[in-house]
Amino acid sequence: MDSRIVVWARRLQESDANVRAEAIRSLEALGDGAALPILAEVFARDENPVIRELAQWAGKSIYYNLHRRAQVVQGSSEEERRRAAEILEKARAKKLGRR
Amino acid sequence: MDFQQLTNQLYDPDPRKRIEALRILAMVEETRAINAILLVYKNDPDEGVRAVAKWAGSLIWQAKERGHTTEAALEAYFKGARVAELEEIMVDRLILSAEENPELKNKLEIARTQWEQVESIKAAKSQTQAMQEIEKSLADDLDLLDAGLSDLK
C-alpha cells in the first residue's frame, strides 16, 4: 500500500474532526482504490455526520474515477491532449502559488 | 477496486472482507449490487455480516428511492456536471503523481509543448486580425479626414 495512504489513514483516528477531514480530502486527492476500505469504515462508524458525508463524497469520487480509468481507450485524441496540456498549466500555476 | 471485485468479495471466506465490501458498496450507493447484497442478507452464515448487509441494502434502497442509480451517477459525473471540481481534483492528482512518475511527467510535458505551439499560432493569427482591424479603422479615419479637408476646399 502507498505509504501516503498509511499516513493519512492514521490521521483518521485523531479526535479533531478538522484533521480527519483533511485526511479524507488528501486520500481523495491520491485517488487510490486502496483507500476505499478505509473511507468506508469512516463512513460507517465516524461519530460526526459531516465527516461521514465527506468520506462518502471522497469514496464516490475515487470509485467513479477508477471506473472511468478502466474504460479509457488507449491513445488520446487531440482534444484530450489539449485538455491534458491545460491541466498541466493549471497544475504548474497552482504549484507555484503554493511555494 | 471495481464493481466486479467488490461483488466477488461478498463471498470471501473472511467475514471481515465481506463486511468491508458491503461498507464500500453502501458508501458509493452502488445500486447494481442490491440483489447481491440481498443474497448475502438472506444466506450469509455470519450474523455480523448479515447485519451489515441489512444496513447496506437499506442505504442503497433509500438512494434508489430518491432516484439515484449508479449508471446515471457515473454518466452525470463525467459529462460536465462536476467538470470544475473534477479539474481541481485532476490538478491535485497531477501535482502528486507527476513528481514521482517521470513517464507521466514526460507525456504531459509533450502535451504542454504541443498546446503551446497551437496557442502561439492562434495568437499570431489573432494579432494579424487585430492589426488588420486597426489598419481598416485608420483607413476609415483617413477617409473621413480627406472628406473633411475636401470640404474646406
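This is a predicted model: local features need pLDDT of at least 70, side-chain atom pairs count only at pLDDT 80 or more; totals for chains, interfaces and linings use all residues.
At what angle do helix H1 (residues 3-11) of chain A and H2(A) pack?

**Stop 1: chain A as a whole**

Select chain A and colour it by secondary structure. The chain contains 5 helices and 0 strands, and its elements run α-α-α-α-α from the N terminus on. Of its 99 residues, 42% are buried. Consider next the contacts in chain A between residues at least 6 apart in sequence: 55% of them join residues at least 24 apart.

**Stop 2: helices H1 and H2 of chain A**

Select residues 3-11 of chain A, which form H1(A), together with H2(A). The two helices pack at an angle of about 155°, and their axes are 8 Å apart. That angle makes H1(A) roughly antiparallel to H2(A), because angles over 145 degrees count as such. The crossing in which H1(A) passes H2(A) is left-handed.

Now display the side chains at this meeting place. From H1(A) come Arg4(A), Ile5(A), Trp8(A) and Arg11(A). Their partners in H2(A) are Val19(A), Arg20(A), Glu22(A), Ala23(A), Ser26(A), Leu27(A) and Leu30(A).

**Stop 3: helix H2 of chain A from end to end**

Select residues 17-30 of chain A. At the N-terminal end, select Asp16(A), which caps the helix: one of its side-chain oxygens lies 2.8 Å from the backbone nitrogen of Asn18(A). Just after the helix, Gly31(A) takes a positive phi of about 70°. Among the buried residues of H2(A) are Arg20(A), Ala23(A), Ile24(A), Ser26(A), Leu27(A) and Leu30(A).

**Stop 4: Asp46 of chain A**

Select Asp46(A), in the loop between helix H3 (36-45) and helix H4 (49-71) of chain A. Is this residue buried or exposed? Its relative accessibility is 12%, so Asp46(A) counts as buried. Setting aside residues up to four places away in sequence, Asp46(A) touches Arg20(A), Glu41(A), Ile51(A) and Arg52(A). Arg20(A) was also seen at Stop 2, among the residues of H2(A) that meet H1(A).

**Stop 5: helix H2 of chain B and its surroundings**

Move to chain B and select H2(B), whose residues are 15-27. This helix has 13 residues and reaches 18 Å from its first C-alpha to its last, close to the 18 Å expected at 1.5 Å a residue. Asp14(B) caps its N-terminal end, with a side-chain oxygen 2.9 Å from the backbone nitrogen of Arg16(B). The buried residues of H2(B) include Arg18(B), Ala21(B), Leu22(B) and Leu25(B).

Just after H2(B), select Glu29(B), which takes a positive phi of about 50° although it is not a glycine. Glu29(B) belongs to the loop between H2 and H3 of chain B, and at 9% relative accessibility it counts as buried.

Next, select Gln9(B) in helix H1 (residues 3-9) of chain B. At 12% relative accessibility, Gln9(B) counts as buried. Apart from neighbours within four places in sequence, Gln9(B) is in contact with Met1(B), Lys17(B), Arg18(B), Glu20(B) and Ala21(B).

**Stop 6: helices H3 and H4 of chain B**

Select residues 34-43 and 47-65 of chain B, which are H3(B) and H4(B). Their axes come within 8 Å and cross at roughly 150°. That makes H3(B) roughly antiparallel to H4(B), and H3(B) passes H4(B) in a left-handed crossing. Ile34(B), Ile37(B), Val40(B) and Tyr41(B) in H3(B) meet residues of H4(B) including Ala53(B), Gly57(B), Ile60(B) and Trp61(B).

Finish on Ala53(B), in helix H4 of chain B. Which residues does Ala53(B) touch, not counting those up to four places away in sequence? They are Leu22(B), Ile37(B), Val40(B) and Tyr41(B). With a relative accessible area of 2%, Ala53(B) is buried. Its C-alpha lies 9.2 Å from that of Arg18(B), a residue 35 places apart from Ala53(B) in sequence.

Definitions and conventions: Residues are numbered from 1 along each chain as its sequence is written. Chains are lettered from A and ligands numbered from 1 in the order in which they are written. Side-chain values use heavy atoms; hydrogens and water are left out. Buried means under 20% relative accessible area, exposed over 50%, partly exposed in between (1.4 Å probe, protein chains only). Helices (H or I, at least four residues) and strands (E, at least two) are DSSP runs, numbered from the N terminus. A polar contact is a pair of N or O atoms within 3.5 Å; within protein, one must be able to donate a hydrogen and the other to accept it, and residues adjacent in sequence count only if both atoms are side-chain atoms. Axes are lines fitted to C-alpha atoms, for helices over the stretch in contact, and angles run from 0 to 180 degrees between N-to-C directions. Angles under 35 degrees count as roughly parallel, over 145 as roughly antiparallel, 65 to 115 as roughly perpendicular and the rest as oblique. A crossing is left-handed if the near helix is turned anticlockwise from the far one by less than a right angle, and right-handed if clockwise. Contact means heavy atoms within 4.5 Å. The expected span of a helix is 1.5 Å times one less than its number of residues.
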